[in-house]
Amino acid sequence: MDHGSAEDLLTRAIAGDHDAFTLLYRQYATSVRGMAFTVVGDRAQAEEVAQDVFLELLCAPSKYDAARGSARSWLMMLARRRAIDRARATWSVRARDTITAARESALTAPDPSEEVELIMTVTRVLDAMRRLRPEHSEVLLLTYLGDMSQRDVAAHLRVPLGTVKSRLYLALAALRRLLADG
């Protein structure tokens with residue numbers, strides 16, 4: 001039974017039609033979770049990202065503009081953005097955990113200057129990552145945190161492989177430059 005196009009379902013869901021929202025969720029939840037999983041690499045976090053995306057659809061429906069693209073594209077874009085935000089947050093938590101572990105081990109470490117140097121290095125890298133262009137930090141996160149190959153990143157972002165390679169090269173060069181400038 002045809003329940004309408006994704007755009008029709010989204011328009012009806014935005015207008016408060018709970019049945020349309022349910023159909024839209026059933027039709028796209030798996031794709032949204034899949035998009036999120038390719039970025040975060042964790043099923044539980046991918047599920048949370050999917051919930052965030054559909055919650056945003058209910059809470060901020062005015063952000064959808066049919067003139068700018070299809071309902072599916074909008075949902076996938078939301079999923080990718082939310083997943084990248086989640087990956088960045090996870091990366092920050094891991095960095096903080098590393099810093100905390102370094103601080104705690106400094107009490108028993110024979111050379112505290114090594115721990116201080118580690119903390120300073122992690123802090124500098126985090127600061128430098130925040131200053132990169134979004135498309136550069138995105139390929140770094142997907143490649144290194146997401147453990148994706150350049151070819152997988154290209155497929156995921158729907159850009160040519162050469163674009164991914166260029167962005168990664170530029171990202172690493174900018175990161176080196178930012179870290180060298182201190």
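## Close-up views of a predicted all-helix model

**View 1. Phe54 and its aromatic partners.** Phe54 counts as buried at 3% relative accessibility, where buried means under 20% relative accessible area, exposed over 50% and partly exposed in between, with a 1.4 Å probe and protein chains only. The rings of Tyr25 and Phe54 have centres 4.8 Å apart and planes at 70°, so this pair is edge-to-face; rings of Phe, Tyr and Trp (its six-membered ring) pair if their centres lie within 6.5 Å, with planes under 30 degrees apart counted as stacked, over 60 as edge-to-face and the rest as tilted. Tyr25 belongs to helix α2 and Phe54 to helix α3, 29 residues apart, and the pair thus links distant parts of the chain. Tyr25 itself is partly exposed, with a relative accessible area of 29%. The model is predicted: local features need pLDDT of at least 70 and side-chain atom pairs count only at pLDDT 80 or more, whereas totals for chains, interfaces and linings use all residues. Residues are numbered from 1 along each chain as its sequence is written, and side-chain values use heavy atoms, with hydrogens and water left out.

View 2. Searching the whole structure gives two aromatic pairs. Phe21 and Phe54 form an edge-to-face pair, with 6.1 Å from centre to centre and 85° between the planes. Because Phe21 lies in helix α2 and Phe54 in helix α3, this pair ties together parts that are 33 residues apart in sequence. Phe21 is buried, with a relative accessible area of 16%, and ring pairs link Phe21, Tyr25 and Phe54 into a cluster.

**View 3. Surroundings of Glu47.** Glu47 lies in helix α3 and is partly exposed, with a relative accessible area of 26%. Leaving aside neighbours within four places in sequence, Glu47 is in contact with Tyr25 and Arg33, contact meaning heavy atoms within 4.5 Å. From C-alpha to C-alpha, Glu47 and Phe37 are 8.2 Å apart in space, although ten residues apart in sequence.

**View 4. The nonpolar cores.** The largest nonpolar core has 47 residues, and those with the most contacts inside it are Val32, Leu57 and Leu75; such a core is a set of buried Ala, Val, Leu, Ile, Met, Phe, Trp, Tyr and Cys residues joined through side-chain atoms within 4.5 Å. Elements giving two or more residues to this core include α1 (6-14), α2 (18-40), α3 (43-59) and α4 (71-105), and α2 gives the most, with ten residues. Apart from neighbours within four places in sequence, Leu57 is in contact with Leu10, Ala13, Phe21, Leu24, Trp74 and Leu75. A second, separate core of six residues includes Ala102, Ile119, Val122 and Leu126.

View 5. Helices are DSSP runs (H or I, at least four residues), as are strands (E, at least two), numbered from the N terminus. In α6 (residues 134-145), the buried residues include His136, Ser137 and Glu138, and just after this helix Asp147 takes a positive phi of about 55°. The buried residues of α8 are Val164, Leu168, Ala171, Ala173, Ala174, Leu175 and Leu178. At 1.5 Å a residue, the 21 residues of α8 should span 30 Å, and the end C-alpha atoms are 30 Å apart, which agrees; the expected span is 1.5 Å times one less than the number of residues.
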